Amino acid sequence: MRALGILTMRSASYLKYHELILARCIIFPIAEELTQELDQWLRSSGLPKLANARAVIAPHAGYRYSGHCAAYAFANIDPQRVQRVFLLGPSHHHFTRKCCLSKVSVYKTPLGDLPIDNEVYEELRASGRFEDMDVSVDEAEHSMEMHLPYIAKVFQGTSVKIVPIMVGATTPATEATYGRLLAKYIDDPANFFSISSDFCHWGSRFGYQYYEKKRGPIYKSIEALDKCGMDIIETGDPDAFQEYLSEFENTICGRHPIGVFLHMLKHCSTRTRIKFLQYEQSSQCKSMRDSSVSYASAVVTALT
């Protein structure tokens, strides 16, 4: 359910503009209200801009649920040091074993336009590894959409471009291939990466009710499960992350973008450190009738 994200395109110019209208249970009536909301969350994080921040992992649920958590990722960005932002988000509705590129040239948000870097897109298309997603697929997918207002806000007043990449149901071997292909972009400090993922989707409606009673209440078991995965992600080891997913089958919807990104870090020349800064749940599950989604935000910094 896309409770807090509505994306529309003007049919007359659908190849030119990707138009975003963001909702928070109801549609934000004016950009100023959205700006105030984002400003408040960014300030409340208390985090400084990091000159060596190279990537973030952030949630993509509606802002009512994950906007506060997401601020702990985007607050780290120093906009003066970045020329383009690569977005890696999972596919929720379209099945493919590949990574997909957008057919549009500009994403429009209430806070400003975000043009796609066509030069980088040409390089990626030339590899023969990417497919173009239909505009209807682009419209339906919210995983990158929910990062756009934060990116537009943080980079206001700059000429930043974006490189959206929707990651399909990739195998570990395919994730390694894309990781090697994209690794060189990590080594350019003008590039930044925004990795989109929520964490555990728990409850019968998600078909997942893993529960270790020794952890106490269900929500504590969910937290322990998520934090085990977060600890593994912090090691930067894509194989260990895959083993964790195989063992626990945690419903991390951005597991494929994270897998690709971990392989990128493995094959790039830049030494990095991944650190999770915030963890939240949409609600606290106490019975098997309950449900929740978990959110986590991390920053990836370059080491000297």
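Mentor: A crossing is left-handed if the near helix is turned anticlockwise from the far one by less than a right angle, and right-handed if clockwise. Helix 3 passes helix 6 in a right-handed crossing. The model is predicted: local features need pLDDT of at least 70, side-chain atom pairs count only at pLDDT 80 or more, and totals for chains, interfaces and linings use all residues. Residues are numbered from 1 along each chain as its sequence is written, and side-chain values use heavy atoms, with hydrogens and water left out.

Trainee: Why are helix 3 and helix 6 called roughly antiparallel?

Mentor: Helices (H or I, at least four residues) are DSSP runs, numbered from the N terminus. Axes are lines fitted to C-alpha atoms, for helices over the stretch in contact, and angles run from 0 to 180 degrees between N-to-C directions. Angles under 35 degrees count as roughly parallel, over 145 as roughly antiparallel, 65 to 115 as roughly perpendicular and the rest as oblique. The axes of helix 3 (residues 118-126) and helix 6 (residues 172-186) cross at roughly 155 degrees and come within 11 Å. Helix 3 and helix 6 are therefore roughly antiparallel.

Trainee: Which residues of helix 3 and helix 6 meet?

Mentor: Contact means heavy atoms within 4.5 Å. Val120, Glu123 and Leu124 of helix 3 meet Leu181, Leu182, Lys184 and Tyr185 of helix 6.

Trainee: What makes helix 8 roughly antiparallel to helix 9?

Mentor: Helix 8 (residues 238-248) packs against helix 9 (residues 255-267) at an angle of about 155 degrees, and their axes are 9 Å apart. That angle makes helix 8 roughly antiparallel to helix 9. To this contact helix 8 gives Pro238, Asp239, Phe241 and Leu245, while helix 9 gives Arg255, Ile258, Gly259, Leu262, His263 and Lys266.

Trainee: Why is Ser45 called buried?

Mentor: Buried means under 20% relative accessible area, exposed over 50%, partly exposed in between (1.4 Å probe, protein chains only). Ser45 has a relative accessible area of 10%, so Ser45 is buried. Ser45 lies in helix 1 (residues 31-45). Leaving aside neighbours within four places in sequence, Ser45 is in contact with Ala71, Tyr72 and Ala75.

Trainee: How do you know that Cys100 is in no disulfide?

Mentor: A disulfide is a pair of cysteine sulfur atoms within 2.5 Å. The structure holds zero disulfides. For Cys100, the nearest cysteine sulfur is that of Cys99, 7.2 Å away. Cys100 counts as buried, because its relative accessibility is 0%. Cys285 is also in no disulfide, and its nearest cysteine sulfur, that of Cys200, is 8.4 Å away.

Terms used
Helix = DSSP H or I, 4+ residues; strand = E, 2+ residues; numbered from the N terminus.
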